[in-house]
Amino acid sequence: MHQKTLESRIAFLDILRGICICFILFANLKIFSGYYFLSPEAAGSFNTAGLDKVIKYIQLIFIEGKFYTLFSLLFGIGMVIQYQSFKGDISAFNNYMRKRLAVLLLIGILHFWVLWFGDILTIYALLGLLVLYVFHWSSKTLLIVGTSFILLPIAHTWLLGMVGFYPGPLLEFFAHRMENIGIPAGNLLEQLLYRQQTEDFELYVATKFYDPMLRIADVLAEGRLFKVFGIMCIGVVVGRHILHKQLLSNRSLLKKIMFWGIVVGLPANIVYTAIKAMDPEYYEIILTILSAVGVVPLAFGYAAGLALLLSKRISPFNLFAPIGRMALSNYIMQTLFAIAIFYGFGLALTGHVSLTATWGIGLCVIVFQWLFSTMWLKYFKQGPLEYIWRSSIPK
């Protein structure tokens with residue numbers, strides 16, 4: 001394969017990865033800032049309440065879930081790119097990837113248990129190990145498996161509803177433990193808000209032991225493991241087509257993916273958001289269906305649209321490449337910034353800033369990360385965590 005052609009394809013992935021990291025930050029900030037935990041009355045007390053509501057709907061329609069989806073897709077594509085350097089030696093590739101994913105799992109566990117319960121690295125590492133077992137399957141089979149797993153949360157939600165088990169018991173256990181530790185009684189959102197607002201660092205640390213209960217409940221409620229695994233499988237297929245079938249140069253196919261992604265995904269996300277604005281408890285299965293058929297197509301439409309724009313050399317998107325080349329470092333850095341800015345033992349802004357202000361803070365973080373990444377990459381080939389990750393696993 002021509003080296004320059006390969007580099008141009010990798011550049012596309014760096015840009016897409018950088019865009020994902022930026023919008024994942026915006027998706028996470030509503031939790032870091034405590035805005036997600038506020039009652040409607042508290043959220044409505046900000047001077048920017050009207051604009052906050054607009055941003056909330058924009059976030060639900062265009063951001064929520066889409067960039068985690070693309071990051072999962074990139075994970076599968078990345079595995080294919082890694083495989084190229086092993087020249088068909090699947091055994092050596094599997095051994096290397098198991099070590100690589102084990103280190104990522106360790107980083108994820110530390111991030112999850114020490115810093116933030118919303119970590120995605122742990123899920124990616126565990127599911128990446130599972131993807132290795134199907135990596136050699138044909139593209140057709142992987143597409144069928146991937147699509148099936150993306151739709152599986154629908155059956156999952158229906159089944160949980162039929163047997164009467166949602167993750168309620170896990171959340172109740174978590175809330176009960178919080179009370180025993182010293183968090184005032186209240187609903188789960190109130191307890192989580194208090195935990196982020198407390199200046200008592202020892203109290204905060206004591207609650208972290210039970211974060212797995214919270215995360216497992218969240219994953220159970222969404223059926224996220226099925227979806228992420230399915231998208232990774234499709235990512236393997238996409239990676240093969242990028243490297244061997246000139247997918248990024250196939251403007252006709254990219255236009256079709258973008259068109260159908262928008263036509264199918266956008267209406268589904270609009271309806272999803274409209275239902276979310278009501279009491280969604282009675283529409284759980286409908287929301288799951290809309291999420292399954294709306295989030296992934298729209299995300300794929302984004303990726304195809306970006307590929308089309310980059311093929312015409314639209315340069316502003318290149319600004320995201322430095323952030324994407326240091327995606328792991330920037331992802332962890334975002335958590336550290338958020339804790340320092342919002343938590344009670346930091347600047348203590350949790351629950352005291354509007355969604356509009358939160359987005360402004362997020363934009364400042366992204367600008368800093370772009371400056372930091374650009375300067376760092378002038379002197380080093382990869383980010384600090386990327387270096388630790390890769391250098392610890394010789395091929």
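Predicted model: local features only at pLDDT ≥ 70, side-chain atom pairs only at ≥ 80, totals over all residues.

Me: Where does Leu132 sit?

Reply: Leu132 is in the loop between helix H6 (121-131) and H7.

Me: And how far is Leu132 from Met79, in sequence and in space?

Reply: Leu132 and Met79 are 53 residues apart in sequence, and their C-alpha atoms are 8.9 Å apart in space.

Me: What about Ala307 and Leu377, how far apart are those two?

Reply: In sequence they are 70 residues apart, and C-alpha to C-alpha Ala307 and Leu377 are 24 Å apart. Ala307 lies in helix H14 and is buried, with a relative accessible area of 5%. Leu377 is one of the buried residues of H17.

Me: OK, tell me about H17. How many residues has it, and what does it span?

Reply: Helix H17 covers residues 355-379, so to speak a run of 25 residues, and reaches 36 Å from its first C-alpha to its last. That is close to the 36 Å expected at 1.5 Å a residue.

Me: Which residues are buried in H17?

Reply: Leu355, Thr358, Ile361, Gly362, Val365, Ile366, Gln369, Ser373 and Leu377 are buried there.

Me: Let's do Ser33. Where is it, and is it buried or exposed?

Reply: Ser33 lies in the loop between helix H1 (3-32) and helix H2 (40-43). At 0% relative accessibility, Ser33 counts as buried. A polar atom of the Ser33 side chain lies 3.3 Å from the backbone nitrogen of Tyr35.

Me: Switching to charges. How many salt bridges are there?

Reply: The structure holds seven salt bridges. One of them pairs Lys30 with Glu64, with the closest N and O atoms 3.0 Å apart.

Me: Which parts does the Lys30 and Glu64 pair tie together?

Reply: Lys30 lies in helix H1, while Glu64 is in the loop between helix H3 (49-63) and helix H4 (66-84), so the pair ties together parts that are 34 residues apart in sequence. Lys30 counts as buried, at 16% relative accessibility.

Me: What does Asp211 pair with?

Reply: Asp211 forms a salt bridge with Lys208, the closest N and O atoms being 2.8 Å apart. Asp211 counts as buried at 0% relative accessibility, and Lys208 counts as buried at 5%.

Me: And Arg224, which residue does it meet?

Reply: The side chains of Arg224 and Asp218 meet in a salt bridge, 3.6 Å from N to O. Arg224 is buried at 18% relative accessibility, whereas Asp218 is partly exposed at 27%. Salt bridges with shared partners join Arg215, Asp218, Glu222 and Arg224 into one network.

Me: What about the surface, which residues make the nonpolar patch?

Reply: The patch is about 880 Å² and is made by Leu151, Trp158, Leu159, Met162, Met278, Tyr283, Ile285, Ile286, Ile289 and Val293. Helix H7 (139-163) and helix H14 (284-311) are the elements that give two or more residues to it.

Me: Last topic, cysteines. How many disulfides?

Reply: The count comes to zero disulfides. Cys20 is in no disulfide, and the nearest cysteine sulfur, that of Cys22, is 9.3 Å away.

Me: Why don't Cys20 and Cys22 bond?

Reply: Because the sulfur of Cys22 is 9.3 Å from the one in Cys20, its closest cysteine sulfur, and that is too far for a bond. The cut-off for a disulfide is 2.5 Å between the sulfur atoms. Cys20 counts as buried at 0% relative accessibility, and Cys22 is buried at 3%.

Key. Residues numbered from 1 in each chain as written. Heavy atoms only, no water. Patch = residues over 30% accessible without salt bridge, like charges linked within 9 Å, V, L, I, M, F, W, Y side chains within 5 Å. Areas by Shrake-Rupley, 256 points an atom, 1.4 Å probe, with all protein chains shown as cover. Salt bridge = Lys/Arg side-chain N within 4 Å of Asp/Glu carboxyl O. Helix = DSSP H or I, 4+ residues; strand = E, 2+ residues; numbered from the N terminus. Buried < 20%, exposed > 50% of the residue type's maximum accessible area, 1.4 Å probe, protein only. Expected span 1.5 Å × (residues − 1). Polar contact = N/O pair within 3.5 Å; in protein donor to acceptor, adjacent residues only side chain to side chain.
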